[in-house]
Every structure is written in C-alpha cells, then in structure tokens.
Amino acid sequence: MNARASNRSGGFTLIELLVAIMILTLFMTASMGAVRIASRSWAVGQERADATEEMRATADFLRRQFAQLPALTIGEGDQERLVFAGDETRMHFVAQAPQFSHGAGMLVYVLEVTKDDEQAMLTLRYAAFDPGSTELTYDNLSEPLILGAGFDGAGFQYYGAFTDDDEPGWHSSWHSDAENYPAAVFIRTRPDPESKGWPDLVFELRSGAAS
C-alpha cells in the first residue's frame with residue numbers, strides 16, 4: 001500500500017500536466033511575439049538606415065557635380081543658349097565626368113522625377129557632351145540610374161536671376177535662353193513633413209553670366 005502511494009506521489013496529475021502545457025504555450029506565444037516585434041523594429045531601422053545612406057550618397061554626388069558646373073553655352077548669335085535648363089520634374093546640365101568613372105571630358109546629365117505605381121522616384125541619365133555641338137541631343141543617354149524611390153511626391157525649383165537686370169528669386173523653371181545660371185537648385189521629395197521622402201535638399205550652383 002505504501003509503495004503504490006509513493007509511486008503516485010512521484011508523477012504528475014492530468015491537471016498539473018495541462019497547467020504546465022498552458023504555461024509553456026503562453027511562454028512560447030509571448031516569445032514569438034517578442035521575436036516578431038524585434039524583427040519588425042530591425043527591418044524598419046534597417047530601411048531607415050538604407051534610405052539615409054541613399055540620400056547621403058545622392059546628395060554628395062549632386063553637390064560635387066553642381067559645384068563644378070562650367071559656364072558653357074552652345075550655338076552662336078541669336079541661337080546661343082545655356083547648357084542648363086529645367087522645370088519642376090526635369091533638368092539637364094553639363095558637368096565633368098566623375099573621377100570614379102575614369103572618364104575624361106564632360107557629360108550631359110538629365111535629372112528627372114518619374115512615377116512608378118503612383119510613387120515618385122529620382123533618376124539620372126547621362127551621355128558624353130560634344131563641346132562643338134550646336135544643340136544637346138539625348139539619343140545616346142544611358143539607362144536611368146535610380147537615385148531614390150518611394151517618394152510621395154518630388155520636384156525641382158531654381159533660385160537666381162535670369163538676367164543681370166532681374167531680381168533673384170525662386171522659379172519653377174529655368175530656360176536655356178537665360179543669361180545666367182541659377183545660383184541654387186532646390187529638390188523636394190515629399191509634399192509635406194509627414195510624407196515619405198528625404199529632407200529638402202538645396203545645392204549651390206556656380207552662378208554668373210555664361211561665357
């Protein structure tokens with residue numbers, strides 16, 4: 001009799017087993033929830049880090065290119081015009097080829113805002129510039145390089161005076177028949193602070209009359 005009682009006291013009852021299973025289930029559920037939360041937090045943090053690095057790389061590249069714009073024109077006489085022009089969604093300019101490309105000479109760059117699934121992205125295309133040309137051609141432009149994507153909206157503005165007699169100000173477009181280059185370019189990639197996009201970017205350009 002005593003031996004049988006001893007054997008029963010060394011095991012688990014059904015209720016104890018069910019309670020243990022319930023506790024283990026709750027523990028596993030809580031652990032999986034914590035893992036999911038941590039995974040989402042890591043993914044969001046990584047996404048933000050990637051976006052920040054993307055913005056910095058693009059901003060550094062554009063800053064270097066805009067800072068070394070030569071005051072060039074093409075054409076002669078009444079047809080003479082700048083090799084810079086732009087509107088709210090597209091601009092073209094001529095600058096030195098990047099050092100990392102190991103290329104010599106200058107390139108025509110086309111910076112453009114395009115749409116993909118209702119979201120805006122910033123793209124860049126380029127082609128070799130012929131100093132002896134009388135007009136810019138875009139037949140040999142490279143495939144678009146995506147500088148940034150997933151924006152709720154994007155656009156360009158230009159600051160400066162078209163002629164020496166004009167007052168400087170912000171403009172939604174800059175035509176190639178202006179006398180001067182803009183003094184600065186403004187790039188906005190979100191309509192408001194709550195939208196997806198980068199902080200506003202302002203780049204100083206080489207200003208002054210074209211030559």
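Trainee: Is Q79 buried or exposed in this predicted model?
Mentor: Q79 lies in the loop between β1 (73–74) and β2 (81–82), where strands are DSSP runs of E with at least two residues and helices are runs of H or I with at least four, numbered from the N terminus. Buried means under 20% relative accessible area, exposed over 50% and partly exposed in between, with a 1.4 Å probe and protein chains only. Because its relative accessibility is 55%, Q79 counts as exposed.

Trainee: How far apart in space are Q79 and D177, C-alpha to C-alpha?
Mentor: Residues are numbered from 1 along each chain as its sequence is written, and side-chain values use heavy atoms, without hydrogens and water. In this predicted model local features need pLDDT of at least 70 and side-chain atom pairs 80 or more, whereas totals for chains, interfaces and linings use all residues. Q79 and D177 are separated by 98 residues in sequence, and in space their C-alpha to C-alpha distance is 8.6 Å.

Trainee: Which are the edge strands of the open sheet of 5 strands?
Mentor: The strand order is β3-β4-β5-β6-β7, with antiparallel pairing, and two strands pair if DSSP finds at least two bridges between them. Each edge strand pairs on one side only, and these strands are β3 (85–86) and β7 (145–151).
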